[in-house]
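Biologist: Show me the model, please. I want to know what stands behind each label you use.

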Amino acid sequence: MTGGTTPLTSLPAFKALGAHHASLRGVHLRELFARDPGRGERLVAEAAGLYLDYSKQRVTDETLGLLLDLARASGLRARIEAMFAGEKLNVTEGRAVLHVALRAPRGARIVVDGEDVVPRVHAVLDRMADFAGRVRSGAWTGFTGRAIRNVVNLGIGGSDLGPAMATEALRWYADRRLTLRFVSNVDGADFVESTRDLDPAETLFVVASKTFTTLETLTNAHTARRWCVRALGEERAVTKHFVAVSTAEAEVRKFGIDPANMFPFWDWVGGRYSLWSAIGLSLMVAIGPERFRELLAGAHAMDEHFRGAPFERNLPVLLALLGIWYDDFFGAETLAILPYSHYLARFSAYLQQLDMESNGKRVDLEGRAVDYQTGPIVWGQPGTNGQHAFYQLIHQGTKLIPCDFIGFLRPLDEVGEHHPLLVANLFAQTEALAFGKTAEEVAAEGVPALQVPHRTFPGNRPSSTILAQRLTPAVLGALVALYEHKVFVQGTIWRLNSFDQWGVELGKALANRITPELTAPAEPRLTHDSSTNALIRRFRRPGP
């Protein structure tokens with residue numbers, strides 16, 4: 001087990017943090033700043049184009065030292081090296097964990113089972129670049145000879161959330177002559193609404209499924225196939241309007257896609273870590289190969305920082321340790337991700353899967369139930385919208401909600417005074433959360449006594465602020481890699497396998513059993529619990 005066989009909660013470093021928490025939990029951020037007026041310039045770190053201010057966290061130098069002791073006691077440095085060396089850290093599936101290889105530069109060497117995988121990675125990237133270039137230039141034409149104007153990605157989970165998030169985030173860099181859509185939900189409304197205004201003769205589908213058997217994706221793919229063939233009148237049209245991101249050549253061929261138009265990836269790429277692989281094909285079509293490689297370069301810069309920087313200046317390590325501080329000692333259950341960028345509208349949803357699917361585990365690497373909190377509930381939406389929705393609870397509610405604020409010093413488009421106003425709100429929210437407003441301060445403003453309690457802000461609500469100059473492909477790459485590695489660090493300390501997802505399997509298996517029971521001509525013999533049986537019978541009941 002990582003960190004030896006001593007249970008996590010029995011480690012001296014963990015116990016020391018518990019004792020320290022007891023002495024610090026009543027200390028307010030106002031007092032911490034009063035004691036150390038320079039902490040706002042001191043408790044910061046910077047790497048790969050990102051600036052992290054964690055001075056508004058409820059920590060002291062002693063806290064940070066104890067958290068760093070916990071990281072070292074957990075064998076974090078050795079585990080980082082093991083990941084970069086291609087060791088099979090995904091123990092339940094016997095797989096390496098090498099999303100870092102997907103953004104390694106040409107000439108780097110990363111070995112899995114005796115093979116340097118970097119040349120294979122770049123061979124696929126080169127094929128992707130060639131294909132994306134042909135679509136963007138109009139050289140790739142549909143069955144009728146017309147250029148492709150619409151690209152629809154069919155995937156789910158990591159095959160959807162990553163490219164969909166990044167395509168939205170980097171829309172400013174996209175070729176606006178192309179329409180990009182992402183269909184993931186097996187609810188037919190998703191497909192219908194996403195294709196309602198598209199011309200089949202100008203539409204290309206990217207079917208993203210490693211095994212080419214994913215139920216939701218293949219259901220949507222077969223619907224897309226019928227939609228295309230019905231409009232264009234020929235089965236042969238499939239070869240010009242569908243490509244695959246998969247490794248299952250036989251299934252791809254059976255569907256009607258030319259294997260020459262199949263882009264592979266590997267079993268050491270987890271779905272939620274696959275944005276950088278062929279899963280990002282739709283994104284590359286949108287922003288172009290050069291911008292896509294900038295995205296990879298930004299992620300690689302964060303990889304190098306994570307691997308080499310001392311833990312006390314290491315952005316992913318610091319974020320991870322702060323999260324553990326609140327999860328396991330303050331009992332916080334959620335983490336709010338609050339990007340002050342309209343382009344990052346889907347970033348919180350992307351991080352939900354990355355974090356909650358990775359560390360939403362209740363047993364350790366040896367299969368033993370843990371006796372401490374693991375992964376947080378991740379949620380959020382862009383500012384300033386969130387300020388007029390859920391910030392009320394963060395400021396004045398009864399729950400402790402650590403927050404990560406993300407912002408950019410310069411806009412991509414200068415539009416009046418919009419950007420200074422946006423950034424002012426970001427900075428103001430972190431200040432208000434940290435310091436609040438006392439009853440005395442409220443009363444001194446002449447507020448009626450009845451309103452004073454209602455207009456008092458307790459403060460002492462922790463937050464980190466992550467800033468970059470602008471939202472570029474490289475900055476987005478660094479930002480995503482930052483959170484990938486943060487999740488890895490927390491999984492290491494919590495002694496979890498952050499790279500499997502057995503928790504999604506049971507529901508799938510039961511759905512496969514229930515589906516024929518919903519549609520069978522004669523009522524089947526139902527053997528579920530009484531609630532599920534009743535729901536199935538209600539679905540089968542004739543109705544208007």
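Biologist: Where is A336 found?

Modeller: A336 is found in strand β10, residues 334–339. Helices (H or I, at least four residues) and strands (E, at least two) are DSSP runs, numbered from the N terminus. This is a predicted model: local features need pLDDT of at least 70, side-chain atom pairs count only at pLDDT 80 or more, and totals for chains, interfaces and linings use all residues. Residues are numbered from 1 along each chain as its sequence is written, and side-chain values use heavy atoms, with hydrogens and water left out.

Biologist: Why is A336 called buried?

Modeller: Buried means under 20% relative accessible area, exposed over 50%, and partly exposed in between (1.4 Å probe, protein chains only). A336 has a relative accessible area of 0%, so A336 is buried.

Biologist: What is A336 in contact with, leaving aside its neighbours within four places in sequence?

Modeller: Contact means heavy atoms within 4.5 Å. On that basis A336 is in contact with W379, I401, P402, C403 and D404, once neighbours within four places in sequence are left aside.

Biologist: What makes T60 buried?

Modeller: T60 has a relative accessible area of 15%, so the label is buried. T60 sits in the loop between β2 (50–53) and α4 (61–73). Leaving aside neighbours within four places in sequence, T60 is in contact with H20, L24 and L32.

Biologist: Why is α1 called roughly antiparallel to α4?

Modeller: Axes are lines fitted to C-alpha atoms, for helices over the stretch in contact, and angles run from 0 to 180 degrees between N-to-C directions. Angles under 35 degrees count as roughly parallel, over 145 as roughly antiparallel, 65 to 115 as roughly perpendicular and the rest as oblique. The axes of α1 (residues 12–24) and α4 cross at roughly 160 degrees and come within 9 Å. Therefore α1 is roughly antiparallel to α4.

Biologist: Which residues of α1 and α4 meet?

Modeller: A13, F14, A16, L17, H20 and L24 in α1 meet E62, T63, L66, L67, D69 and L70 in α4. By class, this contact has 8 nonpolar, 2 polar and 2 charged residues. Ala, Val, Leu, Ile, Met, Phe, Trp, Tyr, Cys and Pro count as nonpolar, Asp, Glu, Lys and Arg as charged, and the others, Gly among them, as polar.

Biologist: What makes α5 oblique to α13?

Modeller: The axes of α5 (residues 76–84) and α13 (residues 289–308) come within 10 Å and cross at roughly 140 degrees. That angle makes α5 oblique to α13. R77, I80, E81, M83 and F84 in α5 meet D303, F306, R307 and G308 in α13. The contact of α5 with α13 has 4 nonpolar, 1 polar and 4 charged residues.

Biologist: How do you know that β7 and β8 pair?

Modeller: Two strands pair if DSSP finds at least two bridges between them. β7 (residues 203–208) and β8 (residues 242–245) have 4 bridges, in the parallel sense. A208 stands opposite V245 in β8.

Biologist: Which strands stand at the edges of the sheet, and why?

Modeller: The open sheet has 5 strands in the order β6-β5-β7-β8-β9, with parallel pairing. β6 (179–183) and β9 (262–263) each have a single partner strand, so they stand at the edges.

Biologist: What is the phi of R495, and is R495 buried or exposed?

Modeller: R495 has a positive phi of about 65 degrees, although it is not a glycine. Most residues other than glycine have a negative phi. At a relative accessible area of 1%, R495 is buried.
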